[in-house]
Amino acid sequence: MPEFSTKWTLVLDYSNHNSRASSFLARCLYEYYDVSQENKIKCIIHYFEKISSDMHVGNVSFERKVLPLKNSPSCIVYPEADFWSNSTHSLCKFEVCTSGLIEDHLTEALEVDFANKYLGGGALSRGCVQEEIRFMINPELIIGMLFLPSMADNEAIEITGAERFSNYTGYAKSFRFCGDYADKKSFDTMGRRTTRIIAIDALCNPGKRQYKLEFLLRETNKAFCGFLDNNKSRQNKMPINEIGNDIAIGVVTGNWGCGAFGGDPQVKAVIQWLAASQGLRPFVLYYTFNLEALQKLQEVVQWILLHEWTVGELWNILGEYSNQRLKGKTKVGLFSWLLPYLYNDDPINFD
């Protein structure tokens with residue numbers, strides 16, 4: 001395994017395209033037939049029809065990002081709890097959107113793929129949630145499933161340049177193909193669309209163990225691995241606390257590790273904020289998808305920013321809350337525990 005990351009760049013040459021690839025993908029999907037699967041097939045067929053009628057040329061890069069587990073003089077190692085507890089970094093800007101979709105973000109940012117540890121998850125079988133849908137509307141992502149093995153706890157995968165081809169509505173069983181999408185993203189100097197997708201896999205069905213320190217650390221480090229600008233930290237060859245904050249590319253995300261994965265959405269939102277801030281990203285744009293547990297997210301964020309908490313201070317508060325959840329000293333959600341006046345009428349209870 002390389003010390004920090006491995007990158008593959010694929011030149012997409014469609015001139016030798018034939019129907020066998022589309023037929024293979026269709027067979028993979030049709031084995032688990034329902035209406036949503038039929039619409040996944042429509043996305044794939046649309047992709048091949050479009051590239052057959054209008055040749056596309058461009059590059060897509062796949063990079064496995066790794067936080068080394070052992071000391072390294074040239075890059076950041078997998079952080080321990082003290083790293084987070086003692087961080088003096090300021091928290092980055094955090095904007096909440098109750099409607100909209102990550103993939104509709106028009107400017108360059110890290111767009112989070114709520115990934116399975118096996119890249120693509122059930123894209124070629126019965127899966128049809130966030131990651132699988134993204135692989136259907138950006139089918140070039142499927143290529144990575146061929147050569148990228150499962151992610152370890154200290155790994156993430158960044159994919160740059162995948163074009164979007166399809167519009168859709170719905171989610172899971174209600175997913176429907178809705179025609180062509182004309183991708184207007186610009187190209188970078190390497191001939192890649194300025195679409196950056198970062199795949200990070202969360203704990204699956206973590207239950208109460210998600211509040212244990214080792215698993216808080218695992219999730220925060222997983223997001224940090226994905227959000228950190230590896231090239232900049234390696235180029236500077238200095239501790240992360242000494243790297244200048246001039247990165248223009250922020251993080252566009254949502255309820256990572258929640259939903260089908262069963263994570264606590266309030267805790268996961270804070271974890272991603274911590275990771276993006278420590279990774280020197282200038283902002284987090286967070287889509288809540290109208291999740292009830294996150295209705296007060298913007299108010300909580302504003303209160304924390306007003307009090308100018310650092311990454312370390314917020315981490316310590318998260319740790320204190322999680323410890324109380326583990327010991328049964330509280331059953332309310334993180335936000336109502338932190339700011340009970342916001343929930344005087346109806347505190348949210350996650351037990």
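Helices (H or I, at least four residues) and strands (E, at least two) are DSSP runs here, numbered from the N terminus. The model is predicted: local features need pLDDT of at least 70, side-chain atom pairs count only at pLDDT 80 or more, and totals for chains, interfaces and linings use all residues. Residues are numbered from 1 along each chain as its sequence is written, and side-chain values use heavy atoms, with hydrogens and water left out.

**Stop 1: helix 8**

Select residues 265-278, which make up helix 8. Color by accessibility. Buried means under 20% relative accessible area, exposed over 50%, and partly exposed in between (1.4 Å probe, protein chains only). Because 14 of the 14 residues of helix 8 are buried, the helix is largely enclosed by the rest of the structure.

Now check its length. The expected span of a helix is 1.5 Å times one less than its number of residues. For the 14 residues of helix 8 that gives 20 Å, and the end C-alpha atoms are 20 Å apart, which agrees.

Go to the start of helix 8. A side-chain oxygen of Asp-264 comes within 3.0 Å of the backbone nitrogen of Gln-266.

**Stop 2**

Most residues other than glycine have a negative phi. Select Phe-289, where phi is positive, near 55°. Phe-289 sits in the loop between strand 10 (283-287) and helix 9 (297-306). Phe-289 is partly exposed, at 35% relative accessibility.

Move on to Glu-308. This residue is not a glycine, yet its phi is positive, about 55°. Its loop runs between helix 9 and helix 10 (311-326). Glu-308 is exposed, with a relative accessible area of 67%.

**Stop 3**

Show strand 6 (residues 166-169). Ser-166 and Tyr-168 form its covered face, while Asn-167 and Thr-169 form the uncovered one. Thr-169 stands opposite Arg-176 in strand 7. Six residues lie between the strands of this hairpin, and Gly-170 there has a positive phi near 80°.

**Stop 4: aromatic rings**

Rings of Phe, Tyr and Trp (its six-membered ring) pair if their centres lie within 6.5 Å; planes under 30 degrees apart count as stacked, over 60 as edge-to-face and the rest as tilted. By this rule there are 13 aromatic pairs. Zoom to one of them: Phe-83 and Phe-224 form a tilted pair, 6.0 Å centre to centre, with 45° between the planes. The two are 141 residues apart, with Phe-83 in helix 3 (residues 81-85) and Phe-224 in helix 6 (residues 213-227), so this pair links distant parts of the chain. Phe-83 is partly exposed at 25%, whereas Phe-224 is buried at 0%.

Next, select Tyr-168 and Phe-175. Their ring centres are 5.5 Å apart and their planes are at 40°, so this pair is tilted. Tyr-168 is buried at 13% relative accessibility, and Phe-175 is buried at 0%.

Phe-83, Trp-84, Phe-224 and Trp-315 form one aromatic cluster.

**Stop 5: charges over rings**

A charge sits over a ring if NZ of Lys or CZ of Arg is within 6 Å of the ring centre and within 35 degrees of the ring normal. Arg-209 lies over the face of Phe-215, at 5.1 Å from the ring centre. The charged end of Lys-268 is over the ring of Trp-256, 6.0 Å from its centre.

**Stop 6: two buried polar residues**

Select Glu-158 in strand 5 (residues 155-160). Glu-158 is buried, with a relative accessible area of 7%. Its side chain makes a polar contact of 3.0 Å with that of Arg-196. Contact in general means heavy atoms within 4.5 Å. Beyond four places in sequence, the contacts of Glu-158 include Ser-61, Glu-63, Lys-65 and Arg-196.

Finish at Gln-130 in helix 4 (residues 130-137). Gln-130 counts as buried at 15% relative accessibility. Leaving aside neighbours within four places in sequence, Gln-130 is in contact with Ile-102, Val-112, Asp-113, Phe-114 and Tyr-171.

Key. A polar contact is a pair of N or O atoms within 3.5 Å; within protein, one must be able to donate a hydrogen and the other to accept it, and residues adjacent in sequence count only if both atoms are side-chain atoms. Two strands pair if DSSP finds at least two bridges between them.
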